[in-house]
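Please read it alongside the sequence and the model.

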Amino acid sequence: MGCSRAACRSNNAAYFKSFWLDIDCGATKPYATQADGIEALKKFCGTFKLPRPTLVNSGRGVHVYWTLTATISQEEWIPVAEKLKESCVSAGLHADPVVTADAARILRVPQTYNHKDPANPLRVEVLHFGNPVDYEQFRQLL
């Protein structure tokens, strides 16, 4: 028996060096502005005592990364990514739940453009670089 296309792609992702969130912002999104999304993220991080993450302006929203000090396996990554997703829900942070625990997800790359609106491409830029975090410490905080 085969696997779905998404599951097969996820199975090909063997090692990880970060956890991530996608916070959608805009008139029809959970947060009207990036500032609103970042403020909600700050509260979320305070609730769980999470270190300050790397933030990327994705053009409209915010991509959030907690970079790890060492590479981990998919077997280590999946339960913590799922816990991160659950923690967002329980704390009321509106992060795209599909993205958070998608092992094969590739988010927008800084120094490129978001062409979601072809008439108005928006630059993708790093807003803040966070320090790498220890996997075990991150896992325990969640």
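How many residues of the lining of the second largest pocket are nonpolar, how many polar and how many charged?

## The second largest pocket

In this predicted model, the lining of the second largest pocket comprises 9 nonpolar, 2 polar and 2 charged residues. The pocket has a volume of about 190 Å³, and of the 13 residues that line it, Y65, L107, R108, V109 and P110 are the closest to its centre. Strands β2 (54-57) and β3 (62-73) each contribute at least two residues to this lining.

## The largest pocket

The largest pocket has a volume of about 280 Å³, and of its 16 lining residues, those closest to the centre are D22, D24, S58, R108 and K116. By class, the lining of the largest pocket divides into 8 charged, 4 polar and 4 nonpolar residues.

## Aromatic pairs and their cluster

Across the whole structure, 7 aromatic pairs are found. One of them joins W20 and W77 in a tilted arrangement, with 5.1 Å from centre to centre and 35° between the planes; this pair links distant parts of the chain, since W20 belongs to strand β1 (residues 15-23) and W77 to helix α3 (residues 74-91), 57 residues apart. W20 counts as buried because its relative accessibility, 8%, falls under the 20% cut-off, and W77, at 0%, is likewise buried.

W66 and F138 also form a tilted pair, 5.4 Å centre to centre with 45° between the planes. Because W66 lies in strand β3 and F138 in helix α5 (residues 135-141), this pair ties together parts that are 72 residues apart in sequence, and both W66 and F138 are buried. Together with F16 and F19, the residues W20, W66, W77 and F138 form one aromatic cluster.

Methods:
Residues numbered from 1 in each chain as written. Predicted model: local features only at pLDDT ≥ 70, side-chain atom pairs only at ≥ 80, totals over all residues. Heavy atoms only, no water. 1 Å grid on protein atoms, 1.4 Å probe; cavity = no way out; pocket = protein on both sides within 12 Å on 5 of 7 lines; lining within 4 Å. Points joined across faces, edges and corners; volume = space filled by probe spheres on them. Nonpolar A, V, L, I, M, F, W, Y, C, P; charged D, E, K, R; others polar. Helix = DSSP H or I, 4+ residues; strand = E, 2+ residues; numbered from the N terminus. Phe/Tyr/Trp six-rings, centres within 6.5 Å; stacked < 30°, edge-to-face > 60°. Buried < 20%, exposed > 50% of the residue type's maximum accessible area, 1.4 Å probe, protein only.
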